[in-house]
Amino acid sequence: MKSVIIVHHHEITLKGDNRSFFERQLMKNVRTVLSGLLPSSSVGGGYGRFVIHIEEQSEVDKIVERLSFVFGLANICVGVEVEQNLDVFCETAKKLLEGQSFKTIRVHTARSDKKFSHGSMAVNAKVGEAICNHFNVRANLKEPDETINIEIADNTAYVYRAKLKGAGGLPSGVSGKVVSLLSAGFDSPVASWKIMKRGASVIFVHFHSMPYTSQHSVDQVRQITEVLTKYQFTSKLYLVPFADLQNEIVLQTPQSLRVILYRRFMVRIAEEIAHREKAEALVTGESVGQVASQTLRNIRNIEIAVTLPILRPLSGTDKEETMALARRIGTHDISKEPYDDCCSFLAPRK
Ligand code: ATP
Ligand code: MG
């Protein structure tokens with residue numbers, strides 16, 4: 001009986017001919033995130049799953065924590081690898097459940113290795129019966145207190161209790177690069193995360209008006225970048241001084257156009273960075289109608305300043321949904337601090 005963590009692939013199981021490209025990237029990401037904890041040879045492949053062999057039981061929590069940030073994983077299951085044998089399944093299930101308090105049980109078996117002669121129903125019945133007799137509990141297939149999962153794979157088998165939900169989405173790096181306009185607010189960190197979840201590598205750009213505004217907003221953006229980097233392992237943040245440009249806009253243009261002009265220059269500069277970085281799109285946290293600068297007409301007038309597509313993953317999202325996601329991702333508490341970035345410097349009266 002060997003300790004293992006099984007991770008199942010998320011959406012990439014739906015990919016056709018280029019599935020192996022997605023799997024290779026996912027494997028690379030899993031190995032990257034576990035480096036320093038495990039040798040890369042501990043992570044092995046399999047159809048729709050990877051198997052991670054654990055040497056040090058004390059490292060399990062740390063490994064699970066790091067895996068929870070890997071996009072492309074549907075779930076994470078801590079368990080054991082055993083031989084393909086019904087009696088061994090029964091004994092292993094009993095061992096895994098020892099010390100747990102439960103009244104009902106379900107056994108769920110998935111048999112991908114059809115060479116194993118017992119069907120999954122037969123395995124469920126046999127192991128279920130053994131557990132019920134041993135612990136004096138009942139079977140409950142709908143809402144059990146405990147579940148034992150058995151996966152019968154190529155010449156081996158895995159047994160585990162709970163499935164932890166993985167981050168889902170597509171593996172970081174499979175969708176190319178984007179440049180995200182990142183403020184210290186709630187929306188743009190969530191927008192960046194949503195695009196990351198679709199497999200894009202995100203490069204961050206923040207515009208600041210130092211020395212007219214404080215260092216604080218820049219520090220907040222750095223902290224937000226650190227949180228988001230857990231999901232893509234490495235990040236680049238461009239800090240762009242914006243005050244001179246803003247002064248020029250204020251001197252030369254009507255007040256009513258100020259915010260739109262700031263935004264047009266922001267996307268132009270971001271596009272230049274995108275060209276240097278070989279990125280293929282820009283990302284913003286805009287949501288249709290949320291504030292005066294985000295009406296459809298203004299969005300259009302910002303859009304036409306550049307030729308690269310501007311992705312707006314939050315365009316149809318309500319503020320509450322965004323806040324809930326910000327909490328889940330871990331950027332909410334940083335964004336909720338007051339900040340004075342370039343938007344507050346030389347802001348128009350209306
Ligand atoms: P956020 O919560 O992301 O700040 P917001 O609802 O405050 O968004 P705006 O201030 O109108 O909306 O900004 C719209 C978008 O422009 C932001 O989501 C972000 O992508 C970009 N943006 C705004 N300010 C900056 C900045 N200082 N640096 C980089 N990008 C910015
Ligand atoms: Mg803002």
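Visitor: What makes the side chain of Asp-187 a polar contact of ligand 1?

Guide: An oxygen atom of ligand 1 is 2.6 Å from an N or O atom in that side chain, and a polar contact is a pair of N or O atoms within 3.5 Å, so Asp-187 qualifies. This is a predicted model, in which local features need pLDDT of at least 70 and side-chain atom pairs pLDDT 80 or more, while totals for chains, interfaces and linings use all residues. Residues are numbered from 1 along each chain as written, chains are lettered from A and ligands numbered from 1 in the order written, and side-chain values use heavy atoms, without hydrogens and water.

Visitor: What makes a residue part of the shell, and which come nearest?

Guide: A heavy atom within 4 Å of the ligand puts a residue in the shell. There are 23 such residues, and Leu-181, Ser-183, Asp-187, Ser-188 and Gln-290 come nearest. Strand 10 gives the largest share, 3 residues. Helix 5 (187-197), strand 10 (201-208) and helix 8 (258-277) each give two or more; helices (H or I, at least four residues) and strands (E, at least two) are DSSP runs.

Visitor: Why is helix 1 called oblique to helix 2?

Guide: Helix 1 (residues 19-34) and helix 2 (residues 60-67) pack at about 135 degrees, axes 9 Å apart. Angles under 35 degrees are roughly parallel, over 145 roughly antiparallel, 65 to 115 roughly perpendicular and the rest oblique, so this pair is oblique.

Visitor: How do you know that the peptide bond between Met-210 and Pro-211 is cis?

Guide: Its omega is about 5 degrees. Pro-211 sits in the loop between strand 10 and helix 6 (216-232).

How values were computed
A polar contact is a pair of N or O atoms within 3.5 Å; within protein, one must be able to donate a hydrogen and the other to accept it, and residues adjacent in sequence count only if both atoms are side-chain atoms. Axes are lines fitted to C-alpha atoms, for helices over the stretch in contact, and angles run from 0 to 180 degrees between N-to-C directions.
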